[in-house]
Amino acid sequence: LTYVEAPCILGFMTKKLDSSDVGVSVGDRNRKRAYLREFIPAVALYVIAVVVTVTLGVDSNVKKAVFVVATFVPILMGVVAIARHLKRLDEFERTVTYRAMAVAFGAAMIVSVFIALLASSGLQIDSKVAAWAPFMVGMSTWAVLSVRHLSS
Amino acid sequence: VKNQLKELRSSRGWSQGALADQLEVSRQTVNALETGRFDPSLPLAFRISRLFELPIEQIFFDEI
């Protein structure tokens with residue numbers, strides 16, 4: 001990317017600005033960096049907690065309790081990172097993101113009801129699949145819709 | 001709502017990223033405004049108006 005010095009018109013913007021119409025602006029880059037700075041440690045801690053737990057095993061109640069706490073803390077960190085990221089979004093990004101979240105919530109609910117109906121009809125469904133399927137469908141729907149709107 | 005954002009930006013030789021930084025929004029938002037996919041809130045419309053030193057009605061106008 002090449003940069004040009006832009007005139008400071010509103011008085012609070014004395015920075016080098018992106019001269020191309022593609023990619024990200026300085027503000028975009030700063031927001032993305034702030035989000036990644038908060039979200040990546042949460043994911044890393046979660047992965048470490050899962051790997052350590054799987055390696056050590058959860059054969060006792062104490063280990064199970066440690067596993068729950070060790071994975072819950074990074075999840076909480078991730079939630080905080082996402083909440084702070086949503087606050088940093090501008091009005092268009094927030095509209096797109098909230099709309100995508102609403103559709104994702106609907107998709108997750110449909111999958112959840114579908115699994116519940118299958119279970120009610122007597123079909124044997126793996127408990128892990130039943131627990132994770134709504135989450136996976138919800139998250140992937142949110143991601144696809146957000147990327148589709150924001151990348152255009 | 002239609003707007004002259006792209007023409008005004010081009011006349012000043014600014015990129016979308018440059019305008020985005022001056023308005024404190026993302027480049028995607030500037031793109032969405034220019035292509036008519038998104039109508040700004042009143043506070044953002046006023047910021048745009050101040051930036052280009054033009055009344056809002058000279059930047060944004062009804063599609064009819």
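Biologist: What makes up chain A, in helices and strands?

Modeller: In this predicted model, chain A has 4 helices and 2 strands. Starting at the N terminus, the elements run β-β-α-α-α-α.

Biologist: How confident is the predictor in chain A, and which of its elements has the lowest mean pLDDT?

Modeller: The average pLDDT of chain A is 82, and 83% of the residues score at least 70. Strand β1 (residues 3-5) of chain A has the lowest mean among the elements of that chain, 31, while helix α3 (residues 91-120) of chain A has the highest, 94. Over residues 1-20 of chain A the pLDDT is below 50, and this stretch has 47 contacts in the model beyond near neighbours in sequence.

Biologist: Which residues make the nonpolar surface patch?

Modeller: Leu45(A), Ile48(A), Val52(A) and Leu56(A) make a patch of about 360 Å². One of them, Val52(A), sits in helix α1 (residues 26-56) of chain A.

Biologist: Why is Val52(A) called partly exposed?

Modeller: Its relative accessibility is 40%. Buried means under 20% and exposed means over 50%, with partly exposed in between, so Val52(A) counts as partly exposed.

Biologist: Now to the charged pairs. What makes Arg31(A) and Asp28(A) a salt bridge?

Modeller: Their closest N and O atoms are 2.7 Å apart. A salt bridge needs a side-chain nitrogen of Lys or Arg within 4 Å of a carboxyl oxygen of Asp or Glu, and this pair of Arg31(A) and Asp28(A) forms one. Both residues lie in helix α1 of chain A, 3 residues apart, or about one turn of the helix. Because an α-helix has 3.6 residues a turn, residues three or four places apart point the same way. Arg31(A) and Asp28(A) are both buried.

Biologist: How many salt bridges are there over all chains, and which one links distant parts of chain A?

Modeller: The search of the whole structure finds 4 salt bridges. Arg88(A) forms one with Glu38(A), the closest N and O atoms being 3.6 Å apart. This pair links distant parts of the chain: Arg88(A) is in helix α2 (residues 61-88) of chain A and Glu38(A) is in helix α1 of chain A, 50 residues apart. Glu38(A), Arg84(A) and Arg88(A) are linked in a network of salt bridges.

Biologist: Are Arg88(A) and Glu38(A) buried or partly exposed?

Modeller: The relative accessible area of Arg88(A) is 25%, so Arg88(A) is partly exposed. Glu38(A), at 23% relative accessibility, also counts as partly exposed.

Biologist: What does the salt bridge of Glu34(B) and Arg9(B) tie together?

Modeller: Glu34(B) pairs with Arg9(B), and their closest N and O atoms are 2.4 Å apart. Glu34(B) lies in helix α3 of chain B and Arg9(B) in helix α1 (residues 5-11) of chain B, so the pair ties together parts that are 25 residues apart in sequence.

Biologist: How do you know that Glu34(B) and Arg9(B) are buried?

Modeller: The cut-off for buried is under 20% relative accessible area. Glu34(B) has 14%, so Glu34(B) is buried. Arg9(B) is at 3% relative accessibility and therefore counts as buried.

Biologist: Which residues of α4(B) are buried, and why are they said to be on the same side?

Modeller: The buried residues are Leu44(B), Ala45(B), Ile48(B), Ser49(B), Leu51(B) and Phe52(B). They cover an arc of only 165 degrees around the axis, which puts them on the same side of α4(B). They pack against α3 of chain A together with α1, α2, α3, α5 and β2 (60-61) of chain B. The face turned away from the buried side carries the exposed residues Leu42(B), Pro43(B) and Arg50(B).

Biologist: What is found just after α4(B), and why is Glu53(B) called exposed?

Modeller: Just after α4(B), Glu53(B) takes a positive phi of about 55 degrees. Glu53(B) is found in the loop between α4 (42-52) and α5 (56-59) of chain B. Exposed means over 50% relative accessible area, and Glu53(B) is at 68%, so Glu53(B) counts as exposed.

Key: Residues numbered from 1 in each chain as written. Chains lettered and ligands numbered in written order. Predicted model: local features only at pLDDT ≥ 70, side-chain atom pairs only at ≥ 80, totals over all residues. Heavy atoms only, no water. Patch = residues over 30% accessible without salt bridge, like charges linked within 9 Å, V, L, I, M, F, W, Y side chains within 5 Å. Areas by Shrake-Rupley, 256 points an atom, 1.4 Å probe, with all protein chains shown as cover. Buried < 20%, exposed > 50% of the residue type's maximum accessible area, 1.4 Å probe, protein only. pLDDT = per-residue confidence, 0-100. Contact = heavy atoms within 4.5 Å. Arc of directions from axis to C-beta.
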